[in-house]
Amino acid sequence: MRNSASDVMEEIEANKPPEIGLVVGGLSPLSETLWKEKTNTEFVGDVSARLTWQDLTVMVTLSNGETQNVLEGLTGYAEPGTITALMGPSGSGKSTLLDALSSRLASNAFLSGTILLNGQKTKLSFGTAAYVTQDDNLIGTLTVRETISYSAQLRLPDKMPWSEKRALIESTIIEMGLQDCADTVIGNWHLRGISGGEKRRVSISLEILMRPRLLFLDEPTSGLDSASAFFVTQTLRGLSRGGRTVVASIHQPSSEVFELFDCLYLLSGGKTVYFGQASDAYEFFAQAGFPCPALRNPSDHFLRCINSDFDKVKATLKGSMKLRFEANDDPLEKMTTAEAIRTLTEFYLSSQYCYSAKEKVEQISKVKGTVLESGGSQASFLMQAFTLTKRSFVNMSRDFGYYWLRLVIYIVVTVCIGTIYLDVGTVYNSILARGACASFVFGFVTFMSIGGFPSFVEDMKVFQRERMNGHYGVIAFVISNTLSAMPFLILITFISGTICYLMVHLHPGFEHYLFFVLCLYASVTVVESLMMAIASIVPNFLMGIIIGAGIQGIFMLVSGYFRLPKDIPKPVWRYPMSYISFHFWALQGQYQNDLKGLMFDNQTPELPKISGEYILEYVFQIDVNRSKWVDLSVLFCMIVIYRIIFLIMIKINEDVTPWIRGYIARKRMQQKNGSQNTTVAPYGLTQSPSLRNYVANHPTGTSKR
Ligand SMILES: Nc1ncnc2c1ncn2[C@@H]1O[C@H](COP(=O)(O)OP(=O)(O)OP(=O)(O)O)[C@@H](O)[C@H]1O
């Protein structure tokens, strides 16, 4: 650890800007600097986040056009300084409630009811609310401190002094209890890194870096052992005690973890079973006729009472455990869980807990506070692109599987090519050998670039998490991805290209050598761009590799080697496929580069020598009037085109696909309602709110780029 806690706090104090005398409720001095930078307005009153939801109903349309109410008439609140746990059995609607509150509902989900933040209808922006997903999509080769530092540089304003940024980074590390592992790598398939609980805390620290007032977490303790789950929850409690509003869905907390919650929202089948103080739930269940037996973990008991799957378990066990069931005086043994749920939900609706929750919601809704609006990132586009490029470069250089392994394989394969076509010469048979060698290099060797796909998929996962939280724009990501890969691709293609060129003894001369390696570089970069575009829409790496291999296989077929250009069937295959195929341009260019100007022996020594130009025109059917540099230029244009396709794919995935899904869902619902008059959308049902739309409408954010 570089800094002790007191050092950091001193530093924070020392960096306090002079105008910080203003008292702002719920904000630390450093947060205030940050928010002032963001909002450029004077703060009025308390800026803590008070969230209320009233009669919240979420309906989803299923693929057959049927509709299903996932949440029904939920009312509740979350206050600053508290941690609220959303609990319930699997499928009860915890994630949907969290998504509804954080404006992240799926496009086929429709919402009615009122959600207010500080008494105002506000779609939650990045910065006001942070959302920590279940998956820790982090870059495995970076240390904890580096991960947080890069994130800070990506989002904090450029003009904020580095000392202040560092103070913020160090205070976040301390706040999340990550001091001991701050310089340990996160870890990946070949690097042993930090534990699961620490990873979860790193994910949380990335979201609290911008000092949001409201924090949503989807199952922050899933997959953790009870000790790690306890530490993570304790950290969340600590964050809430700093004036933040924390709402988390939790699956099956231990009794120690349960005791850390302030409020409990218990759901079953999308309905409220209980909402109130977590400590009062015990009393509520007892009043409703389901007291928690001694020696049973209260949260286990609550979930046991409302999980209808236990009816199936009971039915299965009944035969073998009949006596035990009869002897037991547990009320749950005398009724089905479905009946217990009905009893509990009805009891809740008429209980003082429901009454006081409604009253509190009314009361909180009237408290008007400042809603801190902000874009996701305050860093400039150039700073984002620079930081992403640097981070990606560091990751690529540390991850053995990203490029280094490929470099080794490329060297091995090109040495094999070199030995097989060694000193190919200009004898009659070398004409075909040169053609085959070029075809193999620009077909198979470039094809091997799909080996990087698993790393691309990992990159895309990190990108999607950061993008959803508004850390940077798409263009900055595409540019950084292109620039950071460039040195590695140059290294790989120049080393392997040089080995191949020298061993095979291709057309002598520096210009010919340069063309060969540049052509190889351009082809490999095109394949990389193609695979990145595929990774942006197909996150499954096996499917992505199959799709990438299929596309390249088709391109190779029409490259002019397996079928000569003029013999390729004209509709579809010659026009346009062969012209779309980058293999076609690479091969045409290399054939010219290698054969033009050389003289080859004829079949028998008595016959005159054959010129390279003749072979190009009549054997390989190449247009000799077109310069090989035109072919190379087309390849470089293809790099740009594929990168643009990559960008468009991301945009389509982000904006168009959800819109289409939403449109189809609405159409299905209308058709169903029109023809059958079945489930009618409740009054006031609106389309699911979109976080992305919000950012698109706020030019201060980064999504416009
Ligand atoms: N967009 C959607 N389209 C169709 N069904 C949905 C959608 N969102 C949620 N559901 C359904 O609503 C129910 C509740 O889902 P949700 O993910 O909110 O439950 P959960 O309590 O978080 O479950 P788990 O603990 O297993 O994650 C499930 O039956 C789920 O299939």
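These legends accompany several close-up views of one predicted model. In this predicted model, local features need pLDDT of at least 70 and side-chain atom pairs count only at pLDDT 80 or more, while totals for chains, interfaces and linings use all residues. Residue numbers start from 1 along each chain as its sequence is written.

**View 1. An open sheet of 6 strands with mixed pairing.** Reading across, the strand order is β5-β6-β7-β3-β8-β9. The edges belong to β5 (129–132) and β9 (271–277); each has a single partner strand, so one side of each is left without a neighbour in the sheet. From one strand to the next, the twist averages 15°. Strands here are DSSP runs of E with at least two residues, helices are runs of H or I with at least four, and both are numbered from the N terminus. Two strands count as paired if DSSP finds at least two bridges between them.

**View 2. Strands β3 and β8 side by side.** Here β3 (residues 83–87) and β8 (residues 263–268) pair in the parallel sense over 4 bridges. Look for Met87, whose bridge partner in β8 is Leu266.

**View 3. Helix α13 across the sheet strands β8 and β9.** This helix spans residues 337–349 and runs at about 55° to β9. Axes are lines fitted to C-alpha atoms, for helices over the stretch in contact, with angles from 0 to 180 degrees between N-to-C directions; contact means C-beta atoms, placed from the backbone, within 7 Å.

**View 4. The shell around the ligand.** Of its 15 residues, Ser90, Lys94, Ser95, Thr96 and Ala106 come nearest. A residue is near if its C-beta atom, placed from the backbone, lies within 6 Å. Helix α3 (residues 94–101) gives the most to this shell, with 3 residues.

**View 5. Ser103 in a loop.** You will find Ser103 between α3 and β4 (109–117). Its phi is near 60°, a positive value in a residue other than glycine.

**View 6. A cis peptide bond between Tyr575 and Pro576.** Omega is about 10° for this bond, and Pro576 lies in strand β11 (residues 575–576).

**View 7. Two stretches, residues 431–453 and 513–535, from the UniProt annotation "transmembrane region".** The entry is unreviewed, and such annotations may be inferred rather than shown by experiment; positions follow the numbering used here, with feature names shortened. Residues 431–453 are 78% helix and 0% strand, with end C-alpha atoms 35 Å apart. Residues 513–535 are 100% helix and 0% strand, and their end C-alpha atoms are 33 Å apart.

How values were computed
Two residues are in contact if their C-beta atoms, placed from the backbone, lie within 7 Å.
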